Number of protein chains: 2
Amino acid sequence: MDLPHPSRDRTNTQVLLASRPEGEPTTSNFQVVQNAIPAPGHDEVLLRNVFLSLDPYMRGRMNAAGSYAAPVQVGEVMVGGTVSEVVNGNGSEFLPGDIVLSYTGWQTYAVAAVGDLRRLDPTIAPVSTALGVLGMPGFTAYAGLSEIGRPARGETVVVAAASGPVGSVVGQLAHLAGARAVGIVGGPEKVRFIEGLGFDTALDHRSASFSEDLKAAVPEGIDVYFENVGGKIWDAVLPLLNEYARVPVCGLVATYNNTAPPAGPDRTGLMMTSILRKSLTVRGFLQSEFVPTHTERFFAEMMPLVRSGALRYREDIVEGLENAPAAFIGMLRGENFGKLLVKLT
Amino acid sequence: MDLPHPSRDRTNTQVLLASRPEGEPTTSNFQVVQNAIPAPGHDEVLLRNVFLSLDPYMRGRMNAAGSYAAPVQVGEVMVGGTVSEVVNGNGSEFLPGDIVLSYTGWQTYAVAAVGDLRRLDPTIAPVSTALGVLGMPGFTAYAGLSEIGRPARGETVVVAAASGPVGSVVGQLAHLAGARAVGIVGGPEKVRFIEGLGFDTALDHRSASFSEDLKAAVPEGIDVYFENVGGKIWDAVLPLLNEYARVPVCGLVATYNNTAPPAGPDRTGLMMTSILRKSLTVRGFLQSEFVPTHTERFFAEMMPLVRSGALRYREDIVEGLENAPAAFIGMLRGENFGKLLVKLT
């Protein structure tokens, strides 16, 4: 028998990209299909996926081109990070029951190359954290803040999407570094949550007085703005940036569903003028840039903080792969509350 | 007698800011007046100005606020760098006839604090170079390129206003560093000039096919864009920037006379998207930031290059302070050809 465990499944449930979205995705852009469970080849293992990570960058992959990585083709399985249980180690170093970090996408089973897996130790932290605070989002926050943001003690750090898996780590690391952490979230429940994480100030961008609230929250201006969102939040931040402020540009979730640029006037020149007059550093990055240089120190610094509870995280877990499309669409609207994961049942 | 040399002048000719310009300045924004030659106080000397530097940043000083330095007040003498002859050393280390670099503005005489002067050695290079290739513009090019642009051998560096005192140094230093230097200028005469300086490619932004010309000139994309201009040149450059490209933002002369942002759509979000997708670094700077750290190495590297002729420069010298306003207005339109200086007769 090829599949020693679990034996009850006979098919692989997959979510395919059915069509490319125009603007905001709908569930019709996805298709749930059943296919045969694949067999591992040489240097491959068979995995049963346990958690699927849903992340904003996936929206870019749904477009035909223009993102920073190859698009998902129509009819292909949607990509994504996964935590998986080894079903068939196929003679490799991995044994059935081992839990691994993988990148096998929106499906319940997958084969993966042995070299693409990292074994997870459930005694360090819940294995789901390998997709969040101790995974790509946490690493994104860590690398972008330490390499580009570089907050000094007493400086003011602002981050939006601050209850999410990147923003919540940015704010907590900034606070631990002795900076003032100002978080921007959507809704009073998220405000309370990030206040509980130790953010010095929490602001609701849905407030009618948001721009004024932000101004009042940063009496000494903004030294680091960690950009996850773009749009109206960037508009409010830009005039408050201090001389020599640093802006790690990590994501622009407010713009991912845009089909055309907003109406004018064209403020590109005004932004360049601010960059010039204030000697700003605006620096885009993908976490992958820093993997070779920062992975070791990331684990060395972050694991003790997570284990001790000094650095906290929140997960928003959706059950069942068939619910992934709706959860993903909601995430792009800010409806998730914490790191969005799909638990594959 | 207070004024041992020259004794023929009895008045100080000054150019005042008469009114703040709306958009492009006109000569009516300036007023030429005659005033008494001032007397030096304690730790001051009396100077006769020999050369006045005209630079784009002065446009910002004419506005009421919002630039990176205090505005010139209406009725005050316009600011500016000067090369001056000491008339009365007033007991200081400076003797009559000494030539110094000073910052005394648009006037024929001035008193200056002894501590604000640097003695110039005419045997190293013509003293006018202290306002150009061996002065603030040359230093701006040197610091912005070496600290922010950081071109590697074989990379492509693009600079606009490339026949000017900053751009011409950027391109030559890039070429000397083994990078491909692509210069953008206005008009065929300037094209020929920068080709003679060793730029690998020279482009005329007045050409109807400028965007296509630029694309053809950078078959491997752009790794460093040294931004002096903004506007349509930035629009043409942005799509051609490579991953990890660096953009030192040094000036935006195309926008200085703008009274309102141009018509839409608003492409701010598209620019942020490019910054994110390509991991760009866009970094504004003023040369003053690097004075404490880079002055010594600037002179050590640049003086031999200028003396040997390996690094060349061109000056555009206007005679007579009364012609400074028209020359300055023309410079903002790109009418100068080389470092614009006023020789005070």
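Trainee: Between which strands of chain A is A:D43 found?
Mentor: This is a predicted model, in which local features need pLDDT of at least 70, side-chain atom pairs count only at pLDDT 80 or more, and totals for chains, interfaces and linings use all residues. Residues are numbered from 1 along each chain as its sequence is written, while chains are lettered from A and ligands numbered from 1 in the order in which they are written. Helices (H or I, at least four residues) and strands (E, at least two) are DSSP runs, numbered from the N terminus. On that numbering, A:D43 is in the loop between β2 (30-36) and β3 (44-53).

Trainee: Is A:D43 buried or exposed?
Mentor: A residue is buried if 20 or more other C-beta atoms, placed from the backbone, lie within 10 Å of its own, exposed if 12 or fewer, and partly exposed in between. A:D43 has 12 other C-beta atoms within 10 Å, so it is exposed.

Trainee: B:A161 also has a positive phi in a residue other than glycine; is B:A161 buried or exposed?
Mentor: B:A161 has a phi near 50 degrees and lies in the loop between β8 (156-160) and α3 (167-176) of chain B. With 28 other C-beta atoms within 10 Å, B:A161 is therefore buried.

Trainee: Which residues have the most contacts inside the largest nonpolar core?
Mentor: A nonpolar core is a set of buried Ala, Val, Leu, Ile, Met, Phe, Trp, Tyr and Cys residues joined through C-beta atoms within 7 Å. Residues up to four places away in sequence left aside, the residues that A:V342 touches include A:F51, A:L54, A:V318 and A:L321. The largest core has 214 residues, and those with the most contacts inside it are A:V342 and B:V342.

Trainee: Which element supplies the largest share of the side of chain A that touches chain B?
Mentor: Two residues are in contact if their C-beta atoms, placed from the backbone, lie within 7 Å, and the contact takes 36 residues from each of chain A and chain B. On the chain A side, α7 (268-277) and β13 (281-284) each supply at least two residues. The largest share, nine residues, comes from α7(A).

Trainee: How far apart do the C-alpha centres of the two domains of chain A lie?
Mentor: By an automatic or database domain assignment, chain A is divided into domain 1 (11-121 + 314-343) and domain 2 (136-288). Their C-alpha centres lie apart by 29 Å.

Trainee: What radius of gyration does chain A have?
Mentor: The radius is taken over C-alpha atoms, and the globule rule is 2.2 Å times the number of residues to the power 0.38. For 345 residues, a compact globule would have a value near 20 Å; chain A agrees with this, having 21 Å.
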